[in-house]
Each structure stands twice: as C-alpha cells, then as structure tokens.
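Subject: Structure handover

Hello,

The structure is placed below, and my notes on it follow. Please read them with the coordinates open.

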Amino acid sequence: MRTIYNKFDKARINGLPRALFQGRIVVVLSESEAQKAVDFLLSQPILGIDTETRPSFKKGVVHNVALLQVSAKDICFLFRLNVMGMSRDIIRLLEDKEVLKVGLSLHDDILMLHKLADFKPGKFIDLQEHVGEIGIEDRSLQKLYANIFGQKISKGQRLTNWEADVLNDSQKLYAATDAWACIMLYEELLQLKHNSDYKLIKQDNGQIQESIS
C-alpha cells in the first residue's frame, strides 16, 4: 500500500533520487517538422504538455512563450515557438478533442499561448484539479511527483534562457521530463483512486496530524 501525504515536506525532496525522461527528444523548428510531429502525437492515447518562457528579471517585462513541449510515453517533441511561431498544426494539436492532453496549471499555459494565436482548447485535463480527490493539497509538479513516486524533478533549468539559439541538453531534458511527468502522475492517480491502494497521512508544518486509510 502506498503512503502519500496531504502536504509533502519540501525539505525531503533534495534527498530523493532524480526522475528523468528516458525517451527520445525531438526539437521542432519548422512547419513541416511540426506537421509530422503532430500527426504522430495525435496517434497516441495520452499526451503530457507544458510550456517554457524566457525569464524576465525586470519588473513589468514579460516574454512570450518560447517552448511548447508535448510528450508521449517514450518520445517528447519540443516546439520552439520563438523560432517558428504557432503553426496551423500546433493549433490543430491544441484544438484536438480526441486525444487526452494532461498538464499542470494549464490555465496559465493556455492563457500565454493565446497571446501567440487564437484557438479553442480541446481535450485537456489539469492535474491540479484532480489531486485533491485523494486528499493531496500540494499543487506543484515537484511536490506531487515526490509525494507519489518518491523521486525528485529538478527545477535547475527553469530560469535559463529558453530563447537561446540552441537549447542545451540539460534544457531539453528538463523540458521533456516536465511534460512526460504529467502522464506518469495522471495514470498513477487514476490507479490509486480506482484501487484505493494508499494511506493518506495528514500533516501540517511537518507534524503528523492523522492517518487515513
């Protein structure tokens, strides 16, 4: 039986083994590449989705989304929106109503993508709206993954330049891991909820309050 917490102690995360996407990562730079990527992605049963934006260190300055990462279980495509823009195939992917696309804090991602092009969001599920069903109060990807899988998702690349001429390997792996992790979390949450195979420990400020089976 799995033990999960309503709130995961952030101090415990650094000591956990690191979770990394093990599949293939493909950088998409053109409309023709995007068409092939989207055709493949829409043949998959489930997708993980996330975005990255160049950080701003000046008050009032906000950059547009630079990267859209969409992952299947064993391959992740990184669409460099700052290079190619929102192609018709990317919009086709976002508007698709058949393939489930799972993300975290999707409202913010979709709002930022809308600044690049108008589209009607298709079949999306936001993990933040479902973790509460099994008693989890945390909403960050890092805490959720640590809580459910006992592994750490590093956030070390989050504030790097996502508009760089060439993304380095660490950036690509970071982006792919975040998107892929959404699939892993969603499927595990479904299993835990369906089988009731977990024990929820309620704690506040690191102090255990009660255990709920």
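A residue is called buried under 20% relative accessible area, exposed over 50% and partly exposed in between, with a 1.4 Å probe and protein chains only. Helices (H or I, at least four residues) and strands (E, at least two) are DSSP runs, numbered from the N terminus. This is a predicted model, in which local features need pLDDT of at least 70 and side-chain atom pairs count only at pLDDT 80 or more, while totals for chains, interfaces and linings use all residues. Residues are numbered from 1 along each chain as its sequence is written, and side-chain values use heavy atoms, with hydrogens and water left out.

Helix H5

Helix H5 covers residues 141-149, and because seven of its nine residues are buried, the rest of the structure largely encloses it. The buried ones are Leu-141, Gln-142, Leu-144, Tyr-145, Ala-146, Asn-147 and Ile-148. Strand E1 (2-5) and helix H6 are among what covers them. After H5 comes Gly-150, with a positive phi near 70 degrees.

The sheet

Two strands count as paired if DSSP finds at least two bridges between them. Six strands make an open sheet with mixed pairing, in the order E2-E5-E4-E3-E6-E7. Strands E2 (24-28) and E7 (124-126) are at the edges; each has a single partner strand, so one side of each lacks a neighbour in the sheet. From one strand to the next, the twist averages 25 degrees.

Strand E3 (residues 46-53) and strand E6 (residues 100-103) run parallel and are joined by three bridges. Opposite Lys-101 in E6 stands Leu-47.

Helix H4 (residues 106-114) touches E3, strand E4 (65-71), E6 and E7, and its direction makes about 65 degrees with that of E3. Helix H6 (residues 169-195) touches E2, E3, E4, strand E5 (75-80), E6 and E7, at about 140 degrees to the direction of E3. For these angles, axes are lines fitted to C-alpha atoms, for helices over the stretch in contact, and the angles run from 0 to 180 degrees between N-to-C directions.

Cysteines

How many disulfides does the structure hold? It holds zero, a disulfide being a pair of cysteine sulfur atoms within 2.5 Å. Cys-76 is in no disulfide, and the nearest cysteine sulfur, that of Cys-182, is 10 Å away. Cys-76 is buried, at a relative accessible area of 0%. Cys-182 also counts as buried, at 2% relative accessibility.

Regards

Notes:
Contact = heavy atoms within 4.5 Å.
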